[in-house]
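These notes are meant for a colleague opening the model for the first time. Please keep the structure in view while reading the points.

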Amino acid sequence: MSVVTISTDFGIADYAAGLLNGVVWNIAPSAEIVVLSHDIPRHDVMSGAHLLERSLPFFPRDTVHVYVIDPGVGTQRRAIAARLGDQFFVGPDNGLITLAAQKCAANREPVEIVHLSKPDYWLKDVSDIFHGRDIFTPVGAHLANGVSLNDLGPVISDPVWLDIPSPISQPGIITGQVMQVDHFGNLSTNILTDQILPNESIQITLGNRTIKALSRTFGDGKPGSLLALIDSSGRLSICVVNGSAANFLHLQAGAEVRVTWGDSFGPEKAHNAQ
Amino acid sequence: MSVVTISTDFGIADYAAGLLNGVVWNIAPSAEIVVLSHDIPRHDVMSGAHLLERSLPFFPRDTVHVYVIDPGVGTQRRAIAARLGDQFFVGPDNGLITLAAQKCAANREPVEIVHLSKPDYWLKDVSDIFHGRDIFTPVGAHLANGVSLNDLGPVISDPVWLDIPSPISQPGIITGQVMQVDHFGNLSTNILTDQILPNESIQITLGNRTIKALSRTFGDGKPGSLLALIDSSGRLSICVVNGSAANFLHLQAGAEVRVTWGDSFGPEKAHNAQ
Amino acid sequence: MSVVTISTDFGIADYAAGLLNGVVWNIAPSAEIVVLSHDIPRHDVMSGAHLLERSLPFFPRDTVHVYVIDPGVGTQRRAIAARLGDQFFVGPDNGLITLAAQKCAANREPVEIVHLSKPDYWLKDVSDIFHGRDIFTPVGAHLANGVSLNDLGPVISDPVWLDIPSPISQPGIITGQVMQVDHFGNLSTNILTDQILPNESIQITLGNRTIKALSRTFGDGKPGSLLALIDSSGRLSICVVNGSAANFLHLQAGAEVRVTWGDSFGPEKAHNAQ
């Protein structure tokens, strides 16, 4: 068995999405295929990068992840494939692999990127406006069949990387930012679990609000209450129970988030506001 | 071959849904997976219970149905798995199995429920906010692999049941209620085919409207006309052809529906209004 | 391996869609299934006909395409199956196969249509309002299992055909029309690549606008600019980069499109407006 995942910004209503399954099965009849999302916001490479990084740990070895978030289709942007740990990526060279590659590097897992230059692994007729169908998906199917990454084109060392801000640590305070707003309005930050845990007392400030404790789960708060918790991918996340933190706080991606603890609280001890 | 179905209230735009396929395939590489719905209204356990009951008859023996409609995640609510006839359910203990278990009992098919208490069958790290990924889906994959229900935890006899109203039968009249409004605005009731058929003359009253016959299909009415028919799951359902009965009648779940026939019509005979 | 595709106008939120997978697997356990679309506009047979024609070339031999766009369910409309080249269609006899059958005929590929009249290949209980579940999908699964088309019912020669307008060619000018507006607002026409290419100079007129060149890809225009290009199915298509041509031009299906070139431009030579 081999697994191919497909993620696009086509929107759920577009016919083109399902057709990619046909392209895979024509080349790799035994592949299992799953759509991770057809609803990445249009041209939103950062959202695609998050999806890739969050999905990888839960898929089997040798899974091939095809991404069609490709505002530059038909221009000079390159098409690439990449080894990311024990799995593969195929898509445009526009930064989609940034977060996943950073995590692989941190875990000392291999990252290798090739420029797709061998039309033998593409469909015969390549449309200038649909490389997802004509290049990325067929290449993904060939990888699923066991074709070697290095057969697809030459290794490159200069892929496009997204500019990912790191949180800044100082004694008693860490300053990060909102990286992504999901469709429930939860605010996902660039502050990771191991940067703030374990700590007995902690408070989180963003916008003009301070949250005086880390919650364990949504069940800790009443509907409508503002919570900070560690989300299911290990990031500090700000949520409103059964509501939208983005709407409640009028914040979006890029907003500053500060975590303070210990003596930085001043004379009073913090208490859980919930 | 084994089949795993996945149903959630994540919404169609959420990345978390597709990732559950990876969790299944990591454990059960040969499983076929289908998403029944990611668009159950948020936290709507009753809608999930209807989906489960309506789906079961159409899936093969030993299919595993994973449900992630889980407002109580991370609280004291139990995680369960259940045998429902010749198939399986995995999800939170919040009443999702109520309608399917009632139907199994009526058909003298087995119902057995266990409390998931063996972390050997879960992912290693369990997030407090995503038991769907870390407990329900891996347990479902192990069931698909042939693990026995009784290996997953102890049998329980006190699961949470939803309060499902039964229609009340009196001579010449049956009084039920709208159970669910689907996304077309059709009103599905708790009155079943065999409670009203066959009858030569019948009329259905709800809100301030009376429908003077049962239609056989949508083709029996003009666009915009109000119909009562037996829906594809065997329930009395009220529809507007190419429209929304819920909007037309200003009714929602809980509204009373009365079916009368024979002498209860009074002196006049009912006629089809279409 | 055999592939079954499913396309419906149920809407993405409807529970009935996923259940069709169960119906297939009960009959054809080894079939791979893909949903092409559940978001065809309600009762829009023309959109379904486009989806079928555009999908066929990308699926493997013997793929079975099940279509449930069926406003006439339960009426006298026939249920059919068809051989279209090396693949199969199953659905209502309402014109869905028109475009695909025309293309097969043009390519001298076989087209054969049978009236589904053998209940042995249906579910045992057939609802008057859900032939998709009870007739089309089980028949599709039997075809995937290798049942012969001619076992399903008698050949018919009078299927329902949609009325598809052809573009009109005169010296220096071709007059066609908008066939379909996709969900991005792109206007797809009935003018095909080989009717207009290769030509050094070309201009496209629709509504009160003239586009003075054919673009190669979206990257050729700035966001908001109006482009004409050959879309990924080989049709002349009118688009607004990152926008909606339908909204920009206030046009819909049926609008006239004229392509002129060579001397028909009059004294001035056309220039690319981008």
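Which residue of chain C forms a salt bridge with Asp128(A)? The partner is Arg216(C), and the closest N and O atoms of the pair are 2.9 Å apart. A salt bridge here is a side-chain nitrogen of Lys or Arg within 4 Å of a carboxyl oxygen of Asp or Glu.

1. Basis of the notes. This is a predicted model, in which local features need pLDDT of at least 70 and side-chain atom pairs count only at pLDDT 80 or more, while totals for chains, interfaces and linings use all residues. Residues are numbered from 1 along each chain as its sequence is written, chains are lettered from A and ligands numbered from 1 in the order in which they are written, and side-chain values use heavy atoms, with hydrogens and water left out.

2. Confidence. The predictor gives the complex an ipTM of 0.83 and a pTM of 0.87. For chain A the mean pLDDT (the predictor's confidence in each residue, from 0 to 100) is 88, and 93% of the residues of chain A reach 70 or more. Residues 264-274 of chain A have pLDDT below 50, and this stretch has 18 contacts in the model beyond near neighbours in sequence. Contact means heavy atoms within 4.5 Å. Where pLDDT is low, the predicted coordinates should not be read in detail.

3. How the copies are related.

4. Chain C against chain A. The contact involves 28 residues of chain C and 28 residues of chain A. The two chains bury about 2400 Å² between them, 60% of it on carbon and sulfur atoms; buried area is the accessible area (1.4 Å probe) that two parts lose on being put together, summed over both. Phe58(C), Phe184(C) and Ser232(C) supply 25% of the area that chain C buries here, more than any other three residues.

5. Pairs and elements on that side. The rule finds one salt bridge across the interface of chain C and chain A. There are also four residue pairs in polar contact, both residues at pLDDT 80 or more. A polar contact is a pair of N or O atoms within 3.5 Å; within protein, one must be able to donate a hydrogen and the other to accept it, and residues adjacent in sequence count only if both atoms are side-chain atoms. On the side of chain C that touches chain A, β2 (31-37), α2 (45-55) and β12 (226-230) each supply at least two residues, and β2(C) gives the most, with six residues. Helices (H or I, at least four residues) and strands (E, at least two) are DSSP runs, numbered from the N terminus.

6. Chain C against chain B. This contact takes 28 residues from chain C and 26 residues from chain B. About 2400 Å² is buried between chain C and chain B, 60% of it on carbon and sulfur atoms. Tyr15(C), Trp25(C) and Ile129(C) supply 28% of what chain C buries against chain B, more than any other three residues. Only 7% of the interface residues of chain C are also interface residues in chain B, so the copies meet through different surfaces.

7. Pairs and elements facing chain B. Asp128(C) and Arg216(B) meet in a salt bridge, 2.8 Å from N to O. The elements giving two or more residues to the side of chain C that touches chain B are α1 (16-27) and β2 of chain C; α1(C) has the largest share, seven residues.

8. Within a chain. The structure holds 27 salt bridges over all chains. In one of them Asp93(B) pairs with Arg78(B), the closest N and O atoms being 2.9 Å apart.
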